[in-house]
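User: I would like to learn how to read packing and pairing features from a set of coordinates. Can we take them one at a time?

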Amino acid sequence: MYMSKKAKVPNISDQDYYSISQLTYRDEYLKKHFSKNIPVKINSGKQYFIDKIKKDPDTGLDVYVFVQAKKKDGKWVKPKEPENVVVGFQGTNQEQIKADVISA
């Protein structure tokens, strides 16, 4: 099998992945940052823009696409060709469990 020599290994730590995973449960916070196009800061100090939010009301699965921000001229910007993109999943939360029990 041929593997591209252009493939890049993400420069993201396990702690960064964990921080992003935990952020997916802060729905209103992420919606606000998404709508205002401002990055969220994770524990390591890195900043990420929320590029997409996708919700499935049938399963309760919420998906957030995070793009690592870059600092340019003192401002955080979303790069046209991002180095790191992370997909964070929010599983079933407590409200979804209650709604499932009630509907059952």
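User: Which residues does Val86 touch, leaving out those up to four places away in sequence?

Analyst: This is a predicted model. In it, Val86 touches Ile12, Tyr17, Ile20, Tyr48, Tyr64, Val65 and Phe66.

User: Which residues make up the largest nonpolar core?

Analyst: Such a core is a set of buried nonpolar residues joined through side-chain atoms. Here the largest one has eleven residues. They are Ile12, Ile20, Leu23, Leu30, Val40, Ile42, Tyr48, Ile50, Tyr64, Phe66 and Val86. At least two residues of this core come from each of α1 (14–23), β2 (47–56) and β3 (61–68).

User: How is a pair of aromatic rings described?

Analyst: By the distance of the centres and the angle of the planes. A search of the whole structure gives one aromatic pair. Tyr64 and Phe66 form that pair, with 6.4 Å centre to centre and 40° between the planes. The pair counts as tilted because planes under 30 degrees apart are stacked and those over 60 are edge-to-face.

User: Are Tyr64 and Phe66 buried or exposed?

Analyst: The cut-off for buried is under 20% relative accessible area. Tyr64 has 0%, so Tyr64 is buried. Phe66 also has 0%, so Phe66 is buried.

User: How many residues of β3 are buried?

Analyst: Seven of its eight, so β3 is mostly covered.

User: Which strands pair with β3, and in what sense?

Analyst: Look at the bridges and the direction. β2 and β3 run antiparallel, joined by eight bridges. Tyr48 stands opposite Gln68 in β3. The hairpin of β2 and β3 has four residues between the strands, and Gly60 takes a positive phi near 80° there. On to the next pairing. Six bridges link β3 with strand β6 (residues 85–90), again in the antiparallel sense. Asp62 stands opposite Gln90 in β6.

User: Where does the charged end of Arg26 sit?

Analyst: A charge is placed against a ring by its distance from the ring centre and its angle to the ring normal. The charged end of Arg26 sits over the ring of Tyr29, 4.0 Å from the centre of that ring.

User: What does Ser19 touch, not counting residues up to four places away in sequence?

Analyst: Ser19 touches Ile42 and Asn43. Ser19 and Ser44 are 25 residues apart in sequence, yet 8.5 Å apart in space, C-alpha to C-alpha.

Conventions: Residues are numbered from 1 along each chain as its sequence is written. This is a predicted model: local features need pLDDT of at least 70, side-chain atom pairs count only at pLDDT 80 or more; totals for chains, interfaces and linings use all residues. Side-chain values use heavy atoms; hydrogens and water are left out. Rings of Phe, Tyr and Trp (its six-membered ring) pair if their centres lie within 6.5 Å; planes under 30 degrees apart count as stacked, over 60 as edge-to-face and the rest as tilted. Buried means under 20% relative accessible area, exposed over 50%, partly exposed in between (1.4 Å probe, protein chains only). A charge sits over a ring if NZ of Lys or CZ of Arg is within 6 Å of the ring centre and within 35 degrees of the ring normal. A nonpolar core is a set of buried Ala, Val, Leu, Ile, Met, Phe, Trp, Tyr and Cys residues joined through side-chain atoms within 4.5 Å. Contact means heavy atoms within 4.5 Å. Two strands pair if DSSP finds at least two bridges between them.
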